[in-house]
Amino acid sequence: SVSDVIGRRLPATAELALWSAIPLIGLSVWMGVIAAVNHNKLTDQILRVFAITGWSIPTFVFGLLVLMLFYARLGWFPPDRLSEWAQRIVTSADFTRYTQMHTIDALLNLRFDIFIDALRHLVLPVLTLSVVSWAFMLRVTRSSMLDVLRPAYMTTARAKGLAERIVIRKHAVPNALIPVITVGGLTLIGLFNGVVITETVFNFPGMGKFLADAALTLDVVSVLGVTLFSSFVLVFGNLIVDVLYGVVDPRIRLE
């Protein structure tokens, strides 16, 4: 049934989304803060060029480029989820599959060789998703930071004698996170729903690949099933984002 297929494919997409979230959110927010603090300086200009370039490259073009370079030419990072030898071990009776996510299950089974192999297969899709999404989140973070660096309370904080890094970390960054949480939440929701292009390019058997295959074969039931599941994830994800608003900004109250 469609629900059974979604149950098998969802862990792959969830694993890809979780590993992509680490560089996506962490680095984009950090680079956005650095760009805003160094407004119109060389660092800001370099990061702005990086953001514009990353946002301008289509996902499938960047994915094919890194696939040709790092797999076809160098042979470092193969597509799919696991190598054949690792797949045989994972599907054997000696390997316990707790979460169906290979990196986590490998650690729980103390199979660090499988963990390394699963990471090698994740590098290129994670890189592709991160670079494209980095660009947009970097620009959002930079713009939001520039807005909060101008108000009078920032000048007051500096006048109290606080170090600049404390002013940035304690006053500026928390106030700039609301639009970043919105964009980041929607981005992660998209990742959990399955990234069709990225999973197709790297033959990654997740929700996006399943949706693409269903559409190509005119499997209407599967397409409707994935669409219904994606709607549920979207509603639940927006609820989590709304709750995070109240956690980050104490001025917001949830009633």
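Arg-81 is buried, at a relative accessible area of 9%; here "buried" means under 20% relative accessible area, "exposed" means over 50%, and "partly exposed" covers what lies in between, using a 1.4 Å probe and protein chains only. This is a predicted model, in which local features need pLDDT of at least 70 and side-chain atom pairs count only at pLDDT 80 or more, while totals for chains, interfaces and linings use all residues. Residues are numbered from 1 along each chain as its sequence is written, and side-chain values use heavy atoms, with hydrogens and water left out.

Which residue pairs with Arg-81? Glu-15 forms a salt bridge with Arg-81, and the closest N and O atoms are 2.7 Å apart. The term salt bridge stands for a side-chain nitrogen of Lys or Arg within 4 Å of a carboxyl oxygen of Asp or Glu. The two partners come from distant parts of the chain, 66 residues apart: Glu-15 sits in helix H1, and Arg-81 in the loop between helix H3 (59–73) and helix H4 (84–90). Helices (H or I, at least four residues) and strands (E, at least two) are DSSP runs, numbered from the N terminus.

## The overall picture

Stepping back, the protein has 11 helices and zero strands. Its C-alpha trace spans about 65 × 50 × 40 Å along the principal axes. Of its 255 residues, 42% count as buried. The accessible surface comes to about 13,800 Å², with 68% of it belonging to carbon and sulfur atoms; such areas come from the Shrake-Rupley method with a 1.4 Å probe, and for residues only the protein chains shown count as cover.

A contact here means heavy atoms within 4.5 Å. Among contacts between residues at least 6 apart in sequence, 71% join residues at least 24 apart.

Side chains of opposite charge can pair when their charged atoms come close. By the 4 Å rule, the model has six salt bridges. One of them joins Asp-44 and Arg-48, whose closest N and O atoms are 4.0 Å apart. These two residues are four apart in helix H2 (residues 42–56), which puts about one helical turn between them. An α-helix has 3.6 residues a turn, so residues three or four places apart point the same way. Asp-44 is buried at 0% relative accessibility, whereas Arg-48 is partly exposed at 32%.

Arg-111 and Asp-113 form another salt bridge, with the closest N and O atoms 2.8 Å apart. Arg-111 is partly exposed at 29% relative accessibility, and Asp-113 is partly exposed too, at 34%. Elsewhere, salt bridges that share partners join Asp-44, Arg-48 and Arg-142 into one network.

## Where H1 meets H6

Two packed helices are described by the angle between their axes and the distance between the axes. How do the axes of H1 and helix H6 cross? The axes of H1 and H6 (residues 112–148) come within 6 Å and cross at roughly 35°; axes are lines fitted to C-alpha atoms, for helices over the stretch in contact, and angles run from 0 to 180 degrees between N-to-C directions.

The crossing of H1 and H6 is right-handed, that is, the near helix is turned clockwise from the far one by less than a right angle, anticlockwise being left-handed. By class, the H1–H6 contact has 21 nonpolar, six polar and two charged residues. Ala, Val, Leu, Ile, Met, Phe, Trp, Tyr, Cys and Pro count as nonpolar, Asp, Glu, Lys and Arg as charged, and the others, Gly among them, as polar.

## Helix H10 and its neighbours

Helix H10 (residues 207–216) has Met-207, Gly-208, Lys-209, Phe-210, Ala-212 and Ala-214 as its buried residues. These buried residues pack against helix H1 (2–37), helix H9 (196–201) and helix H11 (220–248).

## Loops worth a look

Leu-82 lies in the loop between H3 and H4 and is buried, at 7% relative accessibility. Leaving aside residues up to four places away in sequence, Leu-82 touches Gln-87, Val-90, His-102, Ile-114, Asp-117, Ala-118 and His-121.

Which residues take a positive phi? Asn-40 has a positive phi near 65°; Asn-40 is in the loop between H1 and H2 and is partly exposed at 49%. Asn-203, not a glycine either, has a positive phi of about 50°; Asn-203 is in the loop between H9 and H10 and is partly exposed at 38%.
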